[in-house]
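The sequence and the model are shown first.

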Amino acid sequence: MSSDRHQQRQQRLKEQVDARIAAATDIRGILMVFTGNGKGKTTAAFGTATRAVGHQKSVGVIQFIKGEWPNGERNLLEPHGVEFQVMSTGFTWDTQNRETDTAACLKVWQHGKRMLQDPALDLVVLDELTYMVSFDYLPLEEVIEALQQRPAHQSVIITGRGCHREILELADTVSEMRPVKHAFDAGIQAQQGIDW
């Protein structure tokens, strides 16, 4: 491709991008969902949380399903003022107790509702929330209501597989992680600092 053709193509692209930027006039918090069967949903959420903290934004994190093992994201972000509330029961296939899992979920969800009402928070991460809805540990209607009534400037990230269609419809941005290949499938152990 000649330099002139490349320049013309890039100029057309620039005009299209500039027009889209000019048309985006609404300023408000957004609801993002990172879902799908591939790896990277929580990683994407914490990448965004780290970016927010780097811009002096206030962030709160609710982690459903997580256990007691060391948490690299928490180790990094908590000293920068990020509040973490963690369900701390571990994976539901380990606990195998619906009553205690539901009680733990509802307890940490109280912190989630508080964060979703807090105008001081710019971003709230609801990590693995999708499972809490699909396992009927949390009422969908209560989650939808809390999301809809949050402060107008507040952004929220929800992660987890199998996100309920009503949450997907409410979301502004939905990204689906698709598995192509995973080291664990080849028998490689999950590694601290890389996988968790």
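A residue counts as exposed when its relative accessible area is over 50%, and as buried when that value is under 20%. The model described here is predicted.

## Helix 2

Helix 2 comprises 14 residues, 41–54, and spans 20 Å from its first C-alpha to its last, close to the 20 Å expected at 1.5 Å a residue. Its buried residues are Lys41, Thr42, Ala45, Phe46, Thr48, Ala49, Ala52 and Val53. They lie on the same side of helix 2, because the arc they cover around the axis is only 155 degrees. Arg51 and Gly54, on the other side of helix 2, are exposed.

The buried residues of helix 2 are covered by elements that include strand 1, strand 2 (59–63), helix 3 (72–77), strand 3 (83–86), strand 4 and strand 5. Just after helix 2, Gln56 adopts a positive phi of about 60 degrees.

## Helix 7

In helix 7 (residues 140–148), the buried residues are Leu140, Val143, Ile144, Ala146 and Leu147. Their arc around the axis is only 165 degrees, so they fall on the same side of helix 7. On the other side of helix 7, the residues Glu141 and Gln148 are exposed.

The buried residues of helix 7 pack against strand 1 (31–35), strand 4 (123–127) and strand 5 (155–159). They also pack against helix 5 (98–116), helix 6 (129–134) and helix 8 (165–170).

## Strand 5

Strand 5 is largely enclosed by the rest of the structure, because five of its five residues are buried. In a regular strand, side chains alternate between the two faces of the sheet. In strand 5, Ser155, Ile157 and Thr159 point one way, while Val156 and Ile158 point the other way.

Strand 5 pairs with strand 1 in the parallel sense over four bridges, and Phe34 stands opposite Thr159 of strand 5. Strand 4 and strand 5 likewise pair in the parallel sense over four bridges; here Leu126 stands opposite Ile158.

## Aromatic residues

A pair of aromatic rings is described by the distance of the centres and the angle of the planes. The structure has three aromatic pairs when ring centres within 6.5 Å are counted. One of them joins Tyr131 and Phe135, which are tilted, with 6.1 Å centre to centre and 45 degrees between the planes.

Tyr131 is buried, at a relative accessible area of 18%, whereas Phe135 is partly exposed at 29%. Together with Tyr137, these two residues form one aromatic cluster.

Notes. Residues are numbered from 1 along each chain as its sequence is written. This is a predicted model: local features need pLDDT of at least 70, side-chain atom pairs count only at pLDDT 80 or more; totals for chains, interfaces and linings use all residues. Side-chain values use heavy atoms; hydrogens and water are left out. Buried means under 20% relative accessible area, exposed over 50%, partly exposed in between (1.4 Å probe, protein chains only). Helices (H or I, at least four residues) and strands (E, at least two) are DSSP runs, numbered from the N terminus. The arc is that of the directions from the helix axis to the C-beta atoms. Contact means heavy atoms within 4.5 Å. The expected span of a helix is 1.5 Å times one less than its number of residues. Rings of Phe, Tyr and Trp (its six-membered ring) pair if their centres lie within 6.5 Å; planes under 30 degrees apart count as stacked, over 60 as edge-to-face and the rest as tilted. Two strands pair if DSSP finds at least two bridges between them.
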